[in-house]
Amino acid sequence: MGELSALFAPDRVAVVGATERQGSVGRALVENLAEFDGEVVPVNPNCETVCGLSTVDGVGEAGADLAVVAVPASAVLDVVREAAEAGIRNVVVISAGFGEAGGEGVARERDLTTLADEYDLNVVGPNCLGVISTPVGLNATFAPRMAPTGAVSFLSQSGAFVTAVLDWAADHGVGFKDVVSLGNKAILDESDFVDTWGDDEETDVIVGYLEAIEDGRRFVDVAREVTRETPVVVVKSGRTEAGAQAASSHTGAMAGRDRAYEAGLREAGVVRTDTVQDLFDAARVLAGQPVPETDGVAVVTNAGGPGVMATDAVGEVPLSLAEFENVTLDRLRDCLPEGANVYNPVDVIGDADSDRMCTALDAVLADDAVGAAVVIAAPTATLDYDDLAADVADLQASHGLPVTTCLMGGERARRAEDVLEGAGIPNYFDPARAVGSLGTLSRYREIREREPATPTTYDVDREAARAVLERARDRGTTRLGVEAMPLLDAYGIPTPAGEVVDSPVEALDVAERIDGPVVMKIVSPDILHKSDIGGVKVGVSQEAVYDAFEDLVTRARNYQPDATILGVQVQEMVEMDAGVETIAGTNRDPQFGPLVLFGLGGVFVEVMEDTALRLAPLAESTAREMLDEIDAAPLLSGARGRDPVDKAAVAETLGRLSQLVTDFPAILELDVNPLVANPDGVQAVDLRLTVDPDSL
Ligand code: ADP
Ligand code: MG
């Protein structure tokens, strides 16, 4: 793939399939290209001119450096080959009738990919709306309008969404540098454009509408770098999509597809939004306002109620209400009348004019504790919105701190909004959205400032682990249980002493070597949840070991007469009173690869679903983050006078497990549940995993 920036800044564009036929894509393309700074060459062997431009017979004669192809699908490959032979490297295939059409289309798309590889072509599409680049007036799309000029570059997997957004953006102060409709993404995909725009001086914010990310790992690698300099905001549809895989482990059941995206986008440093509205709220504020250097927000309002709403909203974002310095309070007392509130949220009261509001705003923006401000106004007879908008814009510029506004109302608010938007200040009707967009700025600051997390590596015995997996393969099993505990030993994860035996006599022998009562568990690949069938006995005394063995086997037989029984595990008792049962697991996502899950464990794990998920391999600092993220985090820190558990040992275990799944792609899913976390360390008490014998 060559340098992509040329795609957006060609000298000469060939439109293959150009025609004057009313309502055709070919005509819309030529008309839309009328404003292009460079040359436009219509390609059509059947007529002399199209819309006043002389045609050529074939794309090979156009002398172009970008070909936009809108011919029937069956003719596309020949056109692209001809273009490639003529030295054109950038091609936009608008035509549909490829992968999305099934059947023949799938083969055609494959051939297009092969062709692109052969000639090293940059191909957008097929089945797309086209590309736009505003600095050169390039509108190589059949959208009904050109994008307004600005610093947002936008990629979309849906062409329909592009047209809707361009229409909407014109009225909402969002302007674009480049726009690309990705179509089927046969060759170029989201990673390619994020990469390109990351190096583009004229792009301040990258915005994406995505339905899927095919190569999740590549996207993460690319975006992780780009987001250090340029914010990337993505709305990804399909949040509620049910976990598609038939999962046999807890981790598999809980680490569904959308959670994998969540983990991937987080790792990539992408700001993910839930709605399209939030997507462009984020784009607007990131393009228009600087990021706050401190977390304190000041609220200045002429109305009590909306001020309270804004204050509530501050609690929902990574910001706090600033506590003003004394000099600020004095300045506010000087400029505000009796009855006004000088503390944050500052209430300048209902009879305030624009001067009073802005004097207060000037005072709070000068305060060192203030990193950002929200101005909230309800329309009154004394307040002139035009003045207010102009003065707020001036103050924002002179202080250089981010400001958002909530000038409520109808016509007069809309006029003020135009002035504010001209200054890059987004205005909202809802105080919560005004605060929310400051929250986006502060989330981006966190992303920009985070340390690059290098995966931690541990000393492990890889060969011993491989031997365990190979033994399972030789037995022809894909599901492993506690008999595979040596796998954890090999990776330095603490396990209680124990052994799998196949007679009551051996069981007694093992129990005698373990001090005190033991735990006994049935070991069978056919029994997933041992305690569900009474297959776990805790606190078995030596005298009871013999009978317990017989009883466990009987229970298993009753449950499933033909179950394969590998034996009974006799295990050391683990101290539970001061401990917390957690789950540590791994899973493999088709797009994002190995993932690590951590949460509250035990037998009710799926009922609670209190888990954190990250991409493997993990940096230990990331593992520590996972511990803090779950709702049950206070339990780990020693709730109700208990001692805190050994968090470092838990984090290390997550790190070691992440190394294990990274080293062995054959491990599809793995659960350690419970991983008992105690004040003085951890113990992996139970293990279950699914392996793919063919990838060993
Ligand atoms: P399963 O999940 O298949 O039912 P486990 O081995 O996880 O089987 O055991 C179920 C529960 O029994 C655990 O969640 C834990 O509460 C308890 N348990 C299991 N092994 C031990 C042990 N060695 N020491 C103390 N408690 C244990
Ligand atoms: Mg268990």
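Alanine 378 is located in the loop that runs between strand E18 (372–377) and helix H14 (385–399), where helices (H or I, at least four residues) and strands (E, at least two) are DSSP runs numbered from the N terminus. The structure is a predicted model, in which local features need pLDDT of at least 70, side-chain atom pairs count only at pLDDT 80 or more, and totals for chains, interfaces and linings use all residues. Residues are numbered from 1 along each chain as its sequence is written, chains are lettered from A and ligands numbered from 1 in the order in which they are written, and side-chain values use heavy atoms, with hydrogens and water left out.

Not counting residues up to four places away in sequence, alanine 378 touches Asn302, Ala303, Leu383, Tyr385 and Met408, contact being defined as heavy atoms within 4.5 Å. Its C-alpha atom is separated by 9.9 Å from that of phenylalanine 429, 51 residues apart along the chain.

The protein has an average pLDDT (the predictor's confidence in each residue, from 0 to 100) of 93, and 97% of the residues score at least 70. Over residues 241–247, however, the pLDDT is below 50, although this stretch has eleven contacts in the model beyond near neighbours in sequence. Where pLDDT is low, the predicted coordinates should not be read in detail.

The domain assignment, whose bounds come from an automatic or database source, gives domain 1 (5–237), domain 2 (290–448), domain 3 (497–572) and domain 4 (580–695). The centres of domain 1 and domain 2, taken over C-alpha atoms, are separated by 41 Å, and eight residues from domain 1 and four residues from domain 2 take part in the contact. About 430 Å² is buried between these two domains, 48% of it on carbon and sulfur atoms, buried area being the accessible area (1.4 Å probe) that two parts lose on being put together, summed over both. Thr227, Arg228 and Pro231 supply 63% of the area that domain 1 buries against domain 2.

Asparagine 673 belongs to strand E28 (residues 667–678) and aspartate 686 to the loop between strand E29 (681–684) and strand E30 (688–691), so the pair ties together parts that are 13 residues apart in sequence. Both asparagine 673 and aspartate 686 are buried, that is, under 20% relative accessible area, with exposed meaning over 50% and partly exposed in between (1.4 Å probe, protein chains only).
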